[in-house]
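Hi,

Here is the structure I promised to pass on.

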Amino acid sequence: MVHITDIIDLFETFWLVDKHLPSVKPKALTMNWDYRQEFSDMVSSKKWKEKPKTRHVLLKEDIDAYNTCTLLGLTLPLAERKLLYMRPHCSYRKLAKMYNTSHETMRNRYLSIVVDIVNRINDSGATTIKSYLALTN
């Protein structure tokens, strides 16, 4: 049995993985001059107090969820797919400006799409999202 939170978590994982995947365009090669940085240089700019940024490592489960989400999105019409993919990245108000509607309308559309997906999966007799995708292919 698939729940609504499973679908929402799947699309949030999709955005997390999509954000950390390498860029399609290669970075422009520029000349980097490596200067040795002294501690006295960092004290004046307060960089010595900054903590290093946390680095997110993609696991095989994340990549698997990314592929599952992509395949699940391909079973939907284009308008619904766009809304599902954009929602974890944008707020309802930002989506409302893009679609020229109210944010309540966008929230109701999003939730109705998610509920339709859950009902479709559960009505097909599949117990997981992957088994549903195997049935539809």
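The side chains of Asp64 and Lys130 form a salt bridge, with 2.2 Å from N to O; the term stands for a side-chain nitrogen of Lys or Arg within 4 Å of a carboxyl oxygen of Asp or Glu. Distant parts of the chain are linked by this pair, since Asp64 sits in helix α3 and Lys130 in helix α7 (residues 129-136), 66 residues apart. By this rule, the count is one salt bridge.

This is a predicted model, where local features need pLDDT of at least 70 and side-chain atom pairs count only at pLDDT 80 or more, while totals for chains, interfaces and linings use all residues. Residues are numbered from 1 along each chain as its sequence is written, and side-chain values use heavy atoms, leaving out hydrogens and water.

Asp64 is partly exposed at 32% relative accessible area, and Lys130 is partly exposed at 44% (buried is under 20%, exposed over 50%, partly exposed in between, with a 1.4 Å probe and protein chains only). Thr68, also placed in helix α3 (residues 60-73), counts as buried at 9% relative accessibility. Leaving aside residues up to four places away in sequence, Thr68 touches Leu10, Ile129, Lys130 and Leu133 (contact means heavy atoms within 4.5 Å).

Elsewhere, the axes of helix α1 (residues 4-20) and helix α4 (residues 78-86) come within 9 Å and cross at roughly 70°. Phe11, Phe14 and Trp15 of α1 meet Leu84, Tyr85 and Met86 of α4 there.

Happy browsing!

Note on methods. Axes fitted to C-alpha atoms, helices over the stretch in contact; angles between N-to-C directions. Helix = DSSP H or I, 4+ residues; strand = E, 2+ residues; numbered from the N terminus.
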